[in-house]
Every structure is written in structure tokens, then in C-alpha cells.
Amino acid sequence: MPDYEYILVERDGPVGVVTLNRPQALNALFTPLVREMVEALESFDADPEIRALVLTGGLRVFAAGADLKEMSSQSAVDALLNNRIAYWDRVRNIAKPIIAAVSGYALGGGCELAMLCDIIVASETARFGQPEINVGLIPGAGGTQRLTRTAGKYKAMEMILTGAQIDAFEAERRGLANRVVPPELLLEEAKRLGFELAEKPPISVRLAKRAVTKAFESTIEAGIELERLSFYFLFASEDSHEGIQAFIDKRKPEYGGR
Ligand code: DAK
């Protein structure tokens with residue numbers, strides 16, 4: 001295993017566990033962390049002894065979204081050319097099932113990351129939300145499409161337009177979490193599911209995952225494309241710079257509608 005700085009990697013028999021580990025920034029998804037996460041997931045995906053993956057952020061927080069400090073200096077053209085979404089596409093292309101073990105905040109890109117996984121186990125403390133609107137953006141890593149298909153138009157619209165969060169129990173009711181468990185049982189339950197999947201025929205699991213994903217996403221491409229261009233476009237707005245800067249300065253943003 002390579003040395004990672006921002007994640008922890010563990011093998012438990014046939015289950016590979018990747019833990020986001022940037023606690024001082026609430027696991028904000030800056031590029032070095034995302035790169036390490038993708039590399040670790042791909043390396044487990046290529047390992048014949050691993051049959052299922054668990055992705056977690058530990059007990060305190062899953063991930064508080066993309067790194068607003070990293071994004072603060074980004075122009076619309078930077079966003080387009082950096083093509084950081086390629087990392088997210090690589091997560092989407094992992095062939096083995098990924099179980100998200102979510103505790104604490106799963107916000108913005110954190111919520112979108114959980115939704116890229118195949119099964120979501122939530123701890124009682126989990127909170128899901130798409131707060132990008134509060135910093136002058138919109139979800140940029142699939143949230144407008146995946147949350148809408150999962151929770152339905154009206155709940156997704158409310159969450160995305162207001163930035164309101166939902167707790168673990170509402171997430172379960174809305175189909176955004178498979179089950180809710182006490183925090184101390186979160187990893188155990190996620191791994192238990194991983195062990196269960198590891199007993200199944202791997203090729204069937206792989207093809208079943210792909211087919212279910214296809215059913216979920218068959219017309220998603222157009223939506224994602226639109227979302228991505230809109231997201232990049234927002235970096236040309238004064239309000240996104242104001243929103244992000246206000247977050248960093250710890251003050252209330254003043255939006256001028258430009
Ligand atoms: N980015 C950077 N730093 C963050 C952060 C973030 N998203 N969230 C928290 N932190 C940092 C804080 O700045 C603080 O650092 P210091 O001030 O101590 O240096 C530290 O983590 C602890 O945070 P707080 O002091 O704020 O902790 P609280 O418990 O008071 O509040 C909170 C927790 C999660 C409610 C709050 O931190 C918060 O509102 N965070 C921002 C949440 C947010 O707006 N997230 C959405 C970001 S936009 C894409 C890929 C991804 C995305 C889009 C496109 N492509 C590749 C195209 C995703 C976009 C987003 O996620």
C-alpha cells in the first residue's frame with residue numbers, strides 16, 4: 001500500500017476500507033484528498049482478493065463538501081480546464097460495490113460522494129445536504145440529478161434551493177440511506193454488508209451493480225452535462241466569490257445578483 005496523507009486504508013479479509021482523514025477541515029474534498037481516495041478505491045477494485053469496498057469519513061464527519069478555500073481562487077475557465085470531475089467519474093466507474101458509511105455531515109460534494117456509492121449506511125448523527133446555494137453555487141458533482149432521482153423532485157428542490165439539511169432518519173425515509181445504526185455500530189454494519197456481498201458470485205455482483213446503476217442513470221448524462229456547465233459558469237459570478245470569501249472570513253455574505 002502506498003503512503004497516503006489524507007486517507008486511511010485498511011483491509012479486513014475481502015473488504016477494503018477507505019477512510020477520509022482530514023479532520024481539521026471536516027474532510028473537505030480538496031484535490032490531494034480526492035486523488036488519494038480515487039487511487040485507493042481503484043487499487044482495491046483491481047485487487048482480486050477484495051470483493052467489496054467501504055468508504056467512510058470516520059465518526060465525526062463524512063465530508064463537508066468541496067474545499068471552499070481551494071475553490072475560492074478558481075475562475076470559470078480554471079474550473080472547466082482542471083476537469084476535477086474526472087476523479088468523480090473514476091469513482092463512478094469502480095466495478096465492485098461501494099458501501100458508504102456516513103456519520104456526521106455529508107454536505108455538498110460529501111453528499112454527492114455518498115450518492116456515488118451503491119449502499120449507504122448512516123449513523124444516527126448523519127446529516128445530508130446540498131448547501132452550495134448558500135455560497136452562490138449549485139451542486140456540481142451530480143447532486144441535482146442523483147438527489148432528485150433518489151429523494152424525488154420536491155424534497156430535492158427544497159434541499160437544493162434552500163440548502164436545508166436532513167437527518168439520518170429522514171434520509172432513510174427518503175431512500176437516501178439503506179439503514180440507520182448507532183454511531184458505534186456504523187463501521188461494523190458497513191463491513192458486515194461488505195462481507196455479505198463478498199460471499200456472492202463476484203461477476204454477478206459486478207454486472208448487477210452495473211445494470212442497477214444504468215437503470216438509475218440512463219438519461220442522466222444530459223443532466224450532468226448541464227449541471228457541470230452551469231457549475232463552471234457560476235465561477236464567473238460575483239456572488240460565488242462573495243459567498244466563498246464570506247465563508248472564509250466567517251461573515252454573512254452580501255449578494256448583489258451579479
Ligand atoms: N471547505 C473548506 N474548509 C471547510 C469546509 C469546506 N467545505 N467546511 C469546513 N471547513 C473548515 C472550516 O473553515 C474550519 O476551518 P478553520 O476555520 O478552523 O481553519 C473547519 O473546517 C471547521 O469548520 P467550522 O468551524 O465551520 O465547523 P462547524 O462545526 O461550526 O460547522 C459546517 C460545520 C459543515 C456546518 C460548516 O463548516 C460549513 O458550513 N461548511 C461548508 C459546507 C459547504 O458549504 N459545503 C459545500 C461546498 S460546495 C465538483 C466537485 C465537487 C463539488 C462541485 C463540483 N466538480 C469536480 C465539478 C462540490 C461543491 C461543494 O461541495
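**Figure 1. Bridge partners at the strand S1–S2 pairing.** Asp12 has Val15, in S2, as its bridge partner. Strand S2 (residues 15–20) runs antiparallel to S1, and six bridges join the two. Strands are DSSP runs (E, at least two residues), numbered from the N terminus, and two of them pair if DSSP finds at least two bridges between them. The model is predicted: local features need pLDDT of at least 70, side-chain atom pairs count only at pLDDT 80 or more, and totals for chains, interfaces and linings use all residues. Residues are numbered from 1 along each chain as its sequence is written, and side-chain values use heavy atoms, with hydrogens and water left out.

**Figure 2. The open sheet of six strands.** Pairing is mixed, and the strand order is S1-S2-S3-S5-S7-S10. Strand S1 (7–12) and strand S10 (179–181) are the edge strands, each pairing on one side only. From one strand to the next, the twist averages 20°, with axes as lines fitted to C-alpha atoms and angles running from 0 to 180 degrees between N-to-C directions.

**Figure 3. The aromatic cluster of Phe231, Tyr232 and Phe235.** These residues form one cluster. Rings of Phe, Tyr and Trp (its six-membered ring) pair if their centres lie within 6.5 Å; planes under 30 degrees apart count as stacked, over 60 as edge-to-face and the rest as tilted. The count by this rule is three aromatic pairs. Phe231 and Tyr232 are edge-to-face because their ring centres lie 6.4 Å apart with planes at 65°. Phe231 and Phe235 have ring centres 5.3 Å apart and planes at 75°, so this pair is edge-to-face.

Methods. Helix = DSSP H or I, 4+ residues; strand = E, 2+ residues; numbered from the N terminus.
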